[in-house]
Amino acid sequence: MLPSCRESIKTAVLLVPKFARFDRCVHTVRLKPNYTSVNYNVSRGGFAHLQKQHLYFFRDLLGEHRMISDTIELEKYNVDWFNNLRGCSSLVLKPKTTQEVSQILSFCNQENLAVSPQAGNTSVVGGSVPVFDEIILSTELMNKIISIDDTSGVVVCQAGCVLENLDTAVAEKGLMVPLDLGAKGSCQIGGNVSTNAGGLRLFRYGNMHGNVLGLEAVTADGNIIECLGTLKKDNTGYHLKHLFIGSEGTLGIITKVAIQCTTRPTCQNVAFLGAQNFRKVLKTFKLAKQDLGEILSAIEVMDSATMEFIGEKLNINSPIGDYPFYLLLETSGSNTNHDSEKIFKFLEIALNSHFILNGTVAVEHAKINALWSVRERIPEGFNLCGHLFCYDVSLPVENYFILVDEMKIHMGSLADRVFGFGHLGDGNLHLQIETKEFSQQIKDHLEPYIFKRTAQFGGSISAEHGMGFLKAKYLNLARPPSTVNFMKDIKQMFDPKGILNPYKVFP
Ligand SMILES: Cc1cc2nc3c(=O)[nH]c(=O)nc-3n(C[C@H](O)[C@H](O)[C@H](O)COP(=O)(O)OP(=O)(O)OC[C@H]3O[C@@H](n4cnc5c(N)ncnc54)[C@H](O)[C@@H]3O)c2cc1C
């Protein structure tokens, strides 16, 4: 007999270990990866090479302390978060103002120097690191919060604000940035907007297209495009901001952003549940939407292989024992009694209907964090593998897990482990294939197979990470030729010489 929901909740909460919160993306010490251009056999575009006179220009503009040319210091800007890709840029520039960005780009455009925009460098698709010797334009010093309006909930800030810092600042005014992701301690708002980042609460609050009210950006020739409106309604002509959202640094550099924050919830509950199979996961999902309604703010899923993975790599264990599937559900609201009543009632029905086999609920901050960290710390294990092939796809929920099962069969003994987890609420699956080491043969076995199958299941080959460098060659699988050509026309208009983030997004 199952313990009653409340009993199992109490006991299980006690079993939750006190995990360190995953605030910062940690680069573990590993061998340097090979140069991307060598590994991926790419040819350099016909851009100019950096000369002394270029350096003099940048030095006069920024001063030496806002330029990096030291080989060791350059390394962290040249290598991606996964330690898989490596460019060979010899210069990082750190502007502080829009005017400086404008002058840098105007000069680079005139001199035909390629530029790789970089924010927190947490891109999962190699969007933020150079492929060759592109100049890295880092926004890390553009980190000023310009205004917070606690009545309208609008925050205006520079693009280099770290997401978590911004959220902490708006929290003082009772607000919350409607975006939350595991990389929040490192990623910057400009990077988030440029990738149209999704994250853990997209299910409730929507994506950046919905939450960015306005932005300011600089195009390749240094032209400043001012669309920094803070109004919710403004139908005066084309909504140019949407072109920059998700454009991954290929159309311009975003310098300022106006975001519609939401009122910070005053009470939260997090439930961690175990289920027998994916069919039951879907039943629980449907029930949660029905019974929790407006207070449901996140719904995540992971399979038992993911739990094994974090157990092995990070010594994290399931807080509720072993089950084939786990669900993490979050509610956020403003009335503790009302929300608790709703979640406990939902759990009782889910248990009695045998949709879930066990569960635990956390209502206190520390315990909520502990449960969330089981999910949020998964990527910390990625750098502890021989090699991990990571895919970020979205699928209609009924087909959500088919791809994981299919990949297990498709990979056979080529993979050490195939596992899946993700943002179930948005149909966003993170499918991971762990192998002993990188091998082109394995990659060829995976791609384009995985993308073709995703398309056949009615999905998208990039749910929230973008195309970057790694997926660029598959753009034609995702969009018909006429659409790709139209995208190229837009790129040509914004950046005729193609100096902005070359080798990214387009095949
Ligand atoms: C542990 C971990 C968890 C993650 N979880 C999620 C998640 O849940 N959801 C999600 O969507 N992503 C997730 N990601 C991926 C990543 O964090 C996001 O894509 C994030 O939005 C990137 O922000 P960044 O500041 O690191 O940008 P970067 O990685 O530096 O850059 C990303 C892209 O944007 C461009 N860019 C950066 N700044 C600008 C600018 N100011 N103007 C124009 N272009 C610019 C870059 O050239 C690059 O193409 C995760 C990554 C990690 C490492």
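The largest nonpolar core of this predicted model has 53 residues, and L329, F346, L424, L431, I433 and L446 have the most contacts inside it. By nonpolar core I mean a set of buried Ala, Val, Leu, Ile, Met, Phe, Trp, Tyr and Cys residues joined through side-chain atoms within 4.5 Å; buried means under 20% relative accessible area, exposed over 50%, and partly exposed in between, with a 1.4 Å probe and protein chains only. At least three residues of this core come from each of domain 1 (5-22 + 265-379) and domain 4 (385-494), with bounds taken from an automatic or database domain assignment. Another core, of 30 residues, lies apart from it and includes L175, V177, V212 and F244. In soluble globular proteins, nonpolar side chains tend to be buried together.

A word on conventions. Residues are numbered from 1 along each chain as its sequence is written, and side-chain values use heavy atoms, without hydrogens and water. As the model is predicted, local features need pLDDT of at least 70 and side-chain atom pairs count only at pLDDT 80 or more, while totals for chains, interfaces and linings use all residues.

Which residues does F346 touch? Leaving aside residues up to four places away in sequence, F346 touches L273, T284, L287, A288, D291, L292 and L329, where contact means heavy atoms within 4.5 Å.

Strands (E, at least two residues) and helices (H or I, at least four) are DSSP runs numbered from the N terminus. From β14, F325, L327, L329, T331 and G333 point one way, Y326, L328, E330 and S332 point the other way, and all are buried. Strand β12 (residues 267-275) pairs with β14 in the antiparallel sense over 9 bridges; pairing requires that DSSP find at least two bridges between two strands. F325 in β14 is the bridge partner of A275. Strand β13 (residues 296-303) is also antiparallel to β14, over 7 bridges, and here A298 stands opposite E330.

I turn to the aromatic rings. There are 22 aromatic pairs in the structure; rings of Phe, Tyr and Trp (its six-membered ring) pair if their centres lie within 6.5 Å, and planes under 30 degrees apart count as stacked, over 60 as edge-to-face and the rest as tilted. The ring centres of Y391 and F451 are 5.7 Å apart with planes at 75°, so this pair is edge-to-face. The pair links Y391 in strand β16 (residues 387-394) to F451 in helix α17 (residues 449-456), 60 residues apart. Both Y391 and F451 are buried.
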